[in-house]
Amino acid sequence: MGETRPLYIPVLLGTTRKGRSSLHVAQLMAHEVAKRAGVETEMIDIARLPLPTDDAGEAIKDAGYSERMNRADALVIVSPEYNHGYPGLLKHVLDSCLKEYVHKAVGLVGVSAGPFGGTRGIQGLLPVMRELGLVNIFWDVNFSSAHKAFDENGKLLDGAYLKRIDKFLAELIWMAKTLRYGRENIGLE
Ligand SMILES: Cc1cc2nc3c(=O)[nH]c(=O)nc-3n(C[C@H](O)[C@H](O)[C@H](O)COP(=O)(O)O)c2cc1C
């Protein structure tokens with residue numbers, strides 16, 4: 001493709017909860033994305049977005065978040081499982097943009113205290129991704145017993161996750177490059 005402009009793949013931390021284990025997961029994911037050649041990243045913490053709750057959708061669009069979503073070639077979404085679903089505030093943030101997401105890749109990372117690694121939250125997110133125009137890859141990363149996966153400084157205790165993350169990112173980057181090519185070179189008939 002002869003493409004030299006770096007990909008931009010931010011990591012969205014999808015919970016505002018105090019003491020959230022998902023923070024360690026999002027930091028790890030951003031660290032692993034940053035290691036990839038030709039990719040720029042940052043963690044976007046939804047707790048730091050000034051999104052009001054007295055309205056919804058594009059009416060509460062934050063300029064900084066919108067600009068990042070416009071620039072993004074792909075998204076990594078870190079979503080903890082709350083009562084077998086994804087966090088409501090994550091949905092509230094996602095809903096604040098629309099055209100910014102279209103034909104961009106997305107990879108989902110589930111986090112739970114229980115044994116299923118946030119899979120039930122991820123299943124709920126899939127139709128939302130589709131409606132936003134995001135293109136989901138066929139790999140997820142699932143952190144089960146998340147409170148035991150990191151030490152108190154956020155250091156990963158189980159290296160087996162790194163292999164899975166590697167596979168996930170290889171697929172996400174392939175999809176990000178493919179979709180960027182499509183957005184820039186192939187018109188909708
Ligand atoms: C309101 C609420 C509901 C939860 N429901 C589930 C659940 O359905 N399944 C599960 O495995 N863990 C559940 N948990 C535990 C979280 O998955 C756990 O805190 C995990 O570390 C990820 O969330 P965190 O980033 O907020 O820490 C719940 C936590 C909260 C706060």
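In the predicted model, A56 touches H92 and D95, residues up to four places away in sequence being left out of account; two residues are taken to be in contact if their C-beta atoms, placed from the backbone, lie within 7 Å. The C-alpha atoms of A56 and H92 are separated by 6.9 Å, although the two residues are 36 residues apart along the chain. A56 is found in the loop between strand 4 (43-45) and helix 2 (63-71), where helices (H or I, at least four residues) and strands (E, at least two) are DSSP runs numbered from the N terminus. A56 counts as partly exposed because it has 13 C-beta neighbours inside 10 Å. For this classification, a residue is buried if 20 or more other C-beta atoms lie within 10 Å of its own, exposed if 12 or fewer, and partly exposed in between, with C-beta atoms placed from the backbone.

Residues are numbered from 1 along each chain as its sequence is written. The model is predicted, and local features need pLDDT of at least 70, side-chain atom pairs count only at pLDDT 80 or more, and totals for chains, interfaces and linings use all residues.

The protein contains six helices and seven strands, and from the N terminus on its elements run β-β-α-β-β-α-β-α-β-α-β-α-α. The radius of gyration is 16 Å, which agrees with the value near 16 Å for a compact globule of 189 residues; this quantity is taken over C-alpha atoms, and the globule rule is 2.2 Å times the number of residues to the power 0.38. The C-alpha trace spans about 50 × 40 × 25 Å along its principal axes. Of the 189 residues, 35% are buried. Among contacts between residues at least 6 apart in sequence, 82% join residues at least 24 apart.

The ligand is surrounded by 16 residues, of which R20, S22, P80, S112 and G114 are the closest; a residue is near a molecule or strand if its C-beta atom, placed from the backbone, lies within 6 Å of it. The shell divides into five nonpolar, eight polar and three charged residues. In this division Ala, Val, Leu, Ile, Met, Phe, Trp, Tyr, Cys and Pro count as nonpolar, Asp, Glu, Lys and Arg as charged, and the others, Gly among them, as polar.

Helix 1 (residues 22-34) comprises 13 residues and reaches 18 Å from its first C-alpha to its last, close to the 18 Å expected at 1.5 Å a residue. The expected span of a helix is 1.5 Å times one less than its number of residues. The buried residues in helix 1 include S22, H24, V25, A26, L28, M29, E32 and V33.

Helix 4 (residues 119-132) has 14 residues, and its reach of 20 Å between first and last C-alpha is close to the 20 Å expected at 1.5 Å a residue. A bend of about 30 degrees occurs in helix 4 at L125, and a proline, P127, follows within four residues; the bend at a residue is the angle between axes fitted to the seven residues ending there and the seven starting there. The buried residues of helix 4 are G121, I122 and L125, and their cover includes strand 5 (74-80), strand 6 (104-111) and strand 7 (134-143). Just after helix 4, G133 adopts a positive phi of about 90 degrees.

Most residues other than glycine have a negative phi. N83, which is not a glycine, has a positive phi of about 50 degrees. N83 lies in the loop between strand 5 and helix 3 (88-94) and counts as exposed, with 7 C-beta neighbours inside 10 Å. S145, also not a glycine, has a positive phi of about 40 degrees. The loop between strand 7 and helix 5 (146-149) holds S145, and this residue counts as partly exposed on account of 13 C-beta neighbours inside 10 Å.

Further C-alpha separations involve exposed positions. T4 lies in the segment before strand 1 (7-8) and is exposed, with 6 other C-beta atoms within 10 Å; the C-alpha atoms of T4 and G38, 34 residues apart along the chain, are separated by 7.6 Å. R71, in helix 2, is exposed, with 11 other C-beta atoms within 10 Å. Between the C-alpha atoms of R71 and E100, 29 residues apart along the chain, the separation is 8.2 Å. G187 is found in the segment after helix 6 (160-185) and counts as exposed, with 6 C-beta neighbours inside 10 Å. The C-alpha atoms of G187 and K177, 10 residues apart along the chain, are separated by 16 Å.
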